[in-house]
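Work through the exercises below with the sequence and the model open. Try each task before reading its solution.

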Amino acid sequence: MAFPRTRAASSIRRENLFPTMWPIPGWAHPEFVYAYDDWKQTRHAIAGEKEVKAESVVYLPAMESMDDGEYLAYLDRATYYNFSGQTLQALNGTIFRRNPVISGLPERMVTDLENISINNESFVGYSSAAATELLALGRVGVLLDLSATPSVTPKPYFVTYTAEHIVDWDHDRDPNTGRARLTRVALREVKLTAGTYSGERKYVAKYRVLELINGVYTQSLYEADNADADITDAYLISRHAPERRGVTLDFIPFILFTPSMGTYGVEKSALYDIVRLNLSHYRSYAQLEQGRFFTGFPIYYAEIPQGAEGGMDYELAPSRVWEVPAGSKPGLLEFYGQGLAFLEKALDTKEHQAAALGGRIIGIRTGATSESNNSAKMAQLNEHATLLIASRALDKGFTSLLRLWAWWSGLSKEEAEKISVEFNKDFLFSDIGSREFRAIHALYKDGIIPIEVVYEYLKKALVIPDWMSLAELKKQLDTMDSFPHQPNVEAMHEGFPDKKTQLEQENLEDEQEMADEAADNADPTAGRKAGNRNNGAAAGRAPGGKPGRPPVKTNQPAKT
């Protein structure tokens with residue numbers, strides 16, 4: 001039986017809202033065809049209950065003998081708890097808890113990062129969206145493109161292609177380096193037809209093919225008017241070779257992000273196992289709700305009168321009334337639901353499995369207390385592996401992209417090679433406490449580690465804000481205005497360990513001065529001798545008789 005979709009979903013054309021869910025061309029790469037259903041399933045799971053239920057029997061098969069109305073009620077009672085989407089948000093939020101650090105970029109180009117994509121996104125926003133795709137599907141591509149209109153100030157920009165739109169690709173070995181290089185990639189683009197108020201607007205597909213033709217990077221665009229195109233000469237509308245300062249390129253400026261960043265093939269995403277558990281959890285929950293619905297209400301039965309045929313109308317019960325032979329008493333059957341405990345246990349099991357997978361990814365530990373500190377630390381590092389892989393993939397991919405972007409914008413190759421991007425890895429510092437801070441302070445105080453190491457540690461521990469550089473930190477430490485109403489800091493700038501020690505030393509000096517003056521008054525001759533002995537010390541005294549102490553800078557961090 002072909003069951004209908006939900007009423008809400010059947011009233012619209014879903015392909016017009018989700019252009020990523022596109023048919024597979026016959027010429028698509030075999031790995032693309034193999035992974036496409038998994039990507040589609042992941043998209044639905046992340047999108048939430050509405051999309052999952054819109055697929056009806058795909059994710060929630062009908063029970064035996066259900067008619068359309070019963071299935072719709074069964075579907076409506078089901079609940080989809082979207083822990084796939086929540087895990088994805090947690091992953092992305094962990095990586096972007098701090099903005100990526102860009103080094104080596106000339107100051108004059110920093111403002112260009114605020115508008116770096118074809119959709120006018122900032123670098124941080126764009127890289128966050130790319131990271132979400134990488135974590136969700138394990139694959140996303142970024143094309144560095146440039147307007148075909150010549151310009152003395154070229155402004156290249158990033159264009160994203162999700163896994164479902166990187167349809168085909170080829171690669172070989174570079175004859176100069178012997179390393180793998182991309183030689184062709186077919187990209188699908190989706191556009192919405194223009195609104196004319198005379199017909200339905202819809203998405204249509206066009207294709208952009210990037211390839212090396214005789215060693216020259218060439219773009220070919222295949223498009224049709226208000227219809228899907230295909231990669232044939234009939235749909236070819238343009239072909240051109242992008243240039244930099246009048247010179248064509250000998251490589252394809254397309255960076256493919258994968259977990260390993262070492263292959264052009266399809267790889268499994270970090271989220272896929274959680275998605276599968278999420279959909280299984282959804283089916284079990286639907287079955288539990290179905291059982292609760294029928295066992296939560298009593299079933300009534302009534303005697304059939306002598307000579308009656310049965311089938312009389314009854315107003316009782318949520319669904320049906322049973323009829324029993326003559327001589328039986330009316331009554332009701334009530335089911336206490338002990339059998340539902342198996343379904344509830346199945347839900348608990350799947351939730352624990354999903355929590356284990358999600359916990360290992362986002363660093364939530366549930367280890368036994370009997371573990372040693374070393375074992376616990378090792379387990380925690382293993383739990384961070386997926387996040388670390390994604391962060392390093394983003395480092396490598398966006399470093400390459402920004403170098404290409406800066407070079408194409410006019411920077412020399414030597415200058416562009418100095419640019420690097422590092423994404424947040426603070427999740428490796430999840431167990432920093434007061435004991436660790438005291439240990440770092442002691443190592444610095446004893447001269448074992450420099451201020452640069454302290455700075456990096458405090459920054460990763462989220463103590464130092466993003467805006468504060470190492471130079472700014474040193475400047476703040478040397479400025480008394482940074483520590484108002486903190487006498488210990490003032491004393492440290494005077495060369496004392498704390499204010500108490502400073503006051504004690506000054507009191508001792510004052511007492512010694514008073515004793516010397518008393519001795520002078522009692523024996524003038526002794527005073528002259530003592531004065532001759534103390535000429536050197538007196539020369540170093542500040543006005544008022546106290547020893548002058550020029551500020552002494554120490555390498556000790558200020559006490560707060």
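**Exercise 1.** Is Asn226 buried or exposed?

*Solution.* Start with the ground rules. This is a predicted model, in which local features need pLDDT of at least 70, side-chain atom pairs count only at pLDDT 80 or more, and totals for chains, interfaces and linings use all residues. Residues are numbered from 1 along each chain as its sequence is written, and side-chain values use heavy atoms, with hydrogens and water left out.

Now apply the cut-offs: buried means under 20% relative accessible area, exposed over 50%, and partly exposed in between (1.4 Å probe, protein chains only). Asn226 has a relative accessible area of 52%, so Asn226 is exposed. Asn226 sits in the loop between β7 (216-222) and β8 (236-240). Helices (H or I, at least four residues) and strands (E, at least two) are DSSP runs, numbered from the N terminus. Last, check the backbone. Phi of Asn226 is positive, about 55°, although Asn226 is not a glycine.

**Exercise 2.** Where does Ser56 lie, and is Ser56 buried or exposed?

*Solution.* Find the loop between α3 (49-54) and α4 (68-77); Ser56 lies there. Phi of Ser56 is near 40°, a positive value in a residue other than glycine. The relative accessible area is 3%, so Ser56 is buried.

**Exercise 3.** Which residues does Ser84 touch, not counting residues up to four places away in sequence?

*Solution.* Locate Ser84 in helix α5 (residues 83-95). The relative accessible area of Ser84 is 0%, so Ser84 is buried. Then list the contacts (heavy atoms within 4.5 Å). Ser84 touches Ala45, Leu271, Ile274, Val275 and Asn278.

**Exercise 4.** Describe both faces of strand β11 (residues 254-257).

*Solution.* Recall the rule. In a regular strand the side chains alternate between the two faces of the sheet. In β11, Phe254 and Leu256 are on one side. Ile255 and Phe257 are on the other. All four are buried, which leaves both faces covered. Now find the partner. Strand β2 (residues 140-145) pairs with β11 in the antiparallel sense over four bridges; pairing requires that DSSP finds at least two bridges between the strands. Val140 stands opposite Phe257.

**Exercise 5.** Which residues line the largest cavity?

*Solution.* On a 1 Å grid over the protein atoms alone, a cavity is a set of points where a 1.4 Å probe fits but cannot get out; a pocket is an open set with protein on both sides within 12 Å along at least five of seven lines; lining residues have an atom within 4 Å of a point. Grid points are joined across faces, edges and corners, and a volume is the space filled by probe spheres set on the points.

The largest cavity holds about 40 Å³. Its lining is Arg139, Ile166, Trp169, Leu182, Val185, Phe254, Leu256 and Tyr264. Two or more of these residues come from each of β4 (166-173), β5 and β11.

**Exercise 6.** Which residues lie nearest the centre of the largest pocket?

*Solution.* The volume of this pocket is about 1400 Å³. Of its 35 lining residues, Phe251, Ile252, Ile255, Ser400 and Leu404 lie nearest the centre. Then sort by element. β5 (180-192), β10 (247-248), β11, α10 (385-408) and α11 (413-416) each supply at least two lining residues. The largest share, seven residues, comes from α10.
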